[in-house]
Amino acid sequence: MSFWQKLSGSTQSPPRVSLSEIVWSWLGSFLGIAAVAYINYKIFAGTDLVMLVGSFGASALLIYGANKSPFAQPRNLLGGHLLSAIIGVGTYQILPQHPWLAAPLAVATSIAAMHVTRTLHPPGGATALIAVMGDAKIHALGFFYVVMPVGVGAAIMLLIALVVNNIPKNRSYPQYWF
Amino acid sequence: MEKKPKDQNIKAPLSISDADIFAAMKDISGYLDITPADLKELYLAAYRHARERLTSSLKAKDIMTREVALVYPDTPLAQVAEIMAQRDIAGVPVVDTEGQVVGVISEKDFLGHMGSTEIKNFMGLVAQCLKEKGCKAMGIRGKTAADLMTSPAVTVGENTPIMELANIMKEKAINRLPVTDSRGRLVGIISRADILTSMYQNI
């Protein structure tokens, strides 16, 4: 195939899912994000603790909206977030003065690490990036960022996915644990 | 080692269309994180693996009929025809006294010797009988299997894979293959129907 042929694409986009699938995706995402957002804004209000990071929005899409995807399985969700968080924080601490370099290093390295460990979870890239560009509160967490919000938050969202995704007859989760 | 064909070149039994793949994706509830093109490629590759596994594991000895109706070179044609009629088969292997297959005699061999012009099938015979007052079986009366049989016979070994059996039948335009052991003795026979049945059961 020539370069231009490749550019024109070779297939169509997958079909739209059923209405019930959309409803359950909405419900799961709502409950999952509600849990971590409530802890973040209500329980942790006025403390230095964080429970909500932007990459959870992307995780919600996968574990509640595309729960059959390999990206959405527990191994990937937890492994991807934890690894990327470690790499993100480490990169920032090595290069705090050069965020323009720390950012791509953190993202690229976490993608490579997720590939190697078969824990590819796209939101992991965001988790690594947030560790570098995050606000002062995130930076102040240091490696605790890996435990919370990232580890605990992902675990809470996983628990909700395990419940919600197994209620409808034609849904089941996970496809595999590890 | 022979290079495997590229996945794109595999022929599925029914050529599967992009619309089929798309429809299948719609049948499965939940979002499938794959494009129709990838899914098709996967399907075809898996199909090739399954076909290789099944066709290399199924051999002549697994699908052949072991109770073979057979005749000898000196069997009179009347008796040959009777055997074929009784067993409701269209051909029988001809074996010598040691069990070696020396030929095959089929309906086609009979038809080929029964008319002034070459007859290829039953209706051809009917047409000639009706046009020419009476039938021409008398011409071969008194002859034996050896006079009409197709010889040498195309035979196969017991371990011939099913795909090769199908290819031989197609290329030689024959409907049955006598199966012989390592010494060339008849041990079974495979008809097109045997291949079809086993394919249906296993593939």
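I took a salt bridge to be a side-chain nitrogen of Lys or Arg within 4 Å of a carboxyl oxygen of Asp or Glu. The model is predicted, so local features need pLDDT of at least 70, side-chain atom pairs count only at pLDDT 80 or more, and totals for chains, interfaces and linings use all residues. Residues are numbered from 1 along each chain as its sequence is written, chains are lettered from A and ligands numbered from 1 in written order, and side-chain values use heavy atoms, without hydrogens and water.

**Salt bridges**

I sorted cover by relative accessible area: buried is under 20%, exposed over 50%, partly exposed in between (1.4 Å probe, protein chains only). Asp181(B) is buried at 15%. Arg185(B) is partly exposed at 33%.

Next came Asp18(B) with Lys40(B), at 3.0 Å, N to O. This pair links distant parts of the chain, helix α1 (residues 18–27) and helix α2 (residues 36–57) of chain B, 22 residues apart. I took helices as DSSP runs (H or I, at least four residues), numbered from the N terminus. Asp18(B) is partly exposed at 45%, and Lys40(B) is partly exposed at 23%.

Which residue does Glu21(A) meet in a salt bridge? I found Arg171(A), at 2.9 Å, N to O. Glu21(A) lies in helix α2 of chain A and Arg171(A) in the segment after α8 (144–164), so the pair ties together parts 150 residues apart in sequence. Glu21(A) is buried at 2%; Arg171(A) is buried at 5%.

Key
Helices (H or I, at least four residues) and strands (E, at least two) are DSSP runs, numbered from the N terminus.
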